[in-house]
Amino acid sequence: FFFQAEDGIRDFCLSRGLGDVYKRQVAFSGMYMIQPFTFSQYSPLFLATLCIAMSSQAFNQLMETENDKLMKRTSQRPLVTQRFSQVFAASCGTGLFIIGNYLYLACDINSSAQTLSDLIFFFYLFIYTPLKRKSSINTHIGAIIGALPPYVGWFAGGGDLYSIEPFALFLYILSWQYPHFY
């Protein structure tokens, strides 16, 4: 999923690249609050959440291609510049979503973590993205979605919904979501 840009800088074509990796790392802070874990415990969760995050970005670009053409920040995305076809992006998005969910199941990661990861995926694509041009409420929805990854890790580590630790981290991340948007 890499593309060698003309200026020689590598970028993730159908994802936000390091932003996706960062959000997956935040998920592990939730898991680590329960117990320290080894690389072998960490890797499946990291790969599963990364695949689902990259899938959401591929589908987001499919949904936003026409609007991305209009903004300088997004005008060089692979679908806008036709470096990739829409069929390729849809195939990547579908494949990554399936792989991510398979990893959750095959690696016996807590089903609550998988469910929340999938809910984040669907809320991002089918609520947040369509609302971007219709209502400023999308900013609040996006902030909540962006602050949920610690719960994915918390659930993966066996934590429950009503604990204070992931909620505190959720609130901390939520607090800097708004400056990120504005």
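I take helices (H or I, at least four residues) and strands (E, at least two) as DSSP runs, numbered from the N terminus. The model is predicted, so I ask pLDDT of at least 70 for local features and 80 or more for side-chain atom pairs, while totals for chains, interfaces and linings use all residues. I number residues from 1 along each chain as its sequence is written, and my side-chain values use heavy atoms, with hydrogens and water left out.

**Entry 1: aromatic pairs**

I started with helix α7 (residues 164-181). Phe-167 and Phe-170 both sit in α7, three residues apart, about one turn of the helix. An α-helix has 3.6 residues a turn, so residues three or four places apart point the same way.

Next I set the ring rule. Rings of Phe, Tyr and Trp (its six-membered ring) pair if their centres lie within 6.5 Å; planes under 30 degrees apart are stacked, over 60 edge-to-face, and the rest tilted. I searched the whole structure and got ten aromatic pairs. One of them joins Phe-84 and Phe-88, a tilted pair with 4.7 Å centre to centre and 40° between the planes. The pair of Phe-167 and Phe-170 is stacked, because the ring centres are 6.2 Å apart and the planes lie at 20°.

I call a residue buried under 20% relative accessible area, exposed over 50%, and partly exposed in between (1.4 Å probe, protein chains only). Phe-84 is buried at 18%. Phe-88 is partly exposed at 36%.

Which residues do ring pairs link into a cluster? I find Phe-59, Phe-97, Phe-121, Phe-122 and Phe-126 there.

**Entry 2: α3 against α4**

I fitted axes as lines to C-alpha atoms, for helices over the stretch in contact, with angles from 0 to 180 degrees between N-to-C directions. Helix α3 (residues 86-106) and helix α4 (residues 111-131) have axes that come within 10 Å and cross at roughly 160°. That makes the two helices, α3 and α4, roughly antiparallel. My angle classes are roughly parallel under 35 degrees, roughly antiparallel over 145, roughly perpendicular from 65 to 115, and oblique for the rest.

The crossing of α3 with α4 is right-handed. A crossing is left-handed if the near helix is turned anticlockwise from the far one by less than a right angle, and right-handed if clockwise.

Contact here means heavy atoms within 4.5 Å. From α3 I list Phe-97, Asn-101, Tyr-104 and Leu-105, which meet Ala-113, Gln-114, Ser-117, Asp-118, Phe-121 and Phe-122 of α4. By class, the residues of this α3 and α4 contact are six nonpolar, three polar and one charged. I count Ala, Val, Leu, Ile, Met, Phe, Trp, Tyr, Cys and Pro as nonpolar, Asp, Glu, Lys and Arg as charged, and the others, Gly among them, as polar.

I checked Asn-101 on its own. Asn-101 is in α3 and is buried at 10% relative accessibility. Leaving out residues up to four places away in sequence, Asn-101 touches Ile-52, Gln-114 and Asp-118.

**Entry 3: α4 against α5**

At what angle do α4 and α5 pack? I get about 160°, with the axes 9 Å apart. The two helices, α4 and α5, are therefore roughly antiparallel. Their crossing is left-handed.

On the α4 side the contact uses Ile-120, Phe-123, Tyr-124, Ile-127, Tyr-128 and Leu-131; on the α5 side it uses Ile-137, Asn-138, Ile-141, Gly-142 and Ile-145. The α4 and α5 contact holds nine nonpolar, two polar and no charged residues.

Helix α5 (residues 137-147) is mostly covered, with eight of its eleven residues buried. Among the buried ones are Thr-139, Ala-143, Gly-146 and Ala-147.

**Entry 4: Ser-56**

I place Ser-56 in helix α2 (residues 39-68). Ser-56 is buried at 7% relative accessibility. Not counting residues up to four places away in sequence, Ser-56 touches Phe-121, Tyr-124 and Leu-125.

**Entry 5: positive phi**

Most residues other than glycine have a negative phi. I noted Gln-82, not a glycine, with a positive phi of about 65°. Gln-82 lies in the loop between α2 and α3 and is exposed at 68%. I also noted Asp-108, likewise not a glycine, with a positive phi of about 55°. Asp-108 is in the loop between α3 and α4 and is exposed at 70%.
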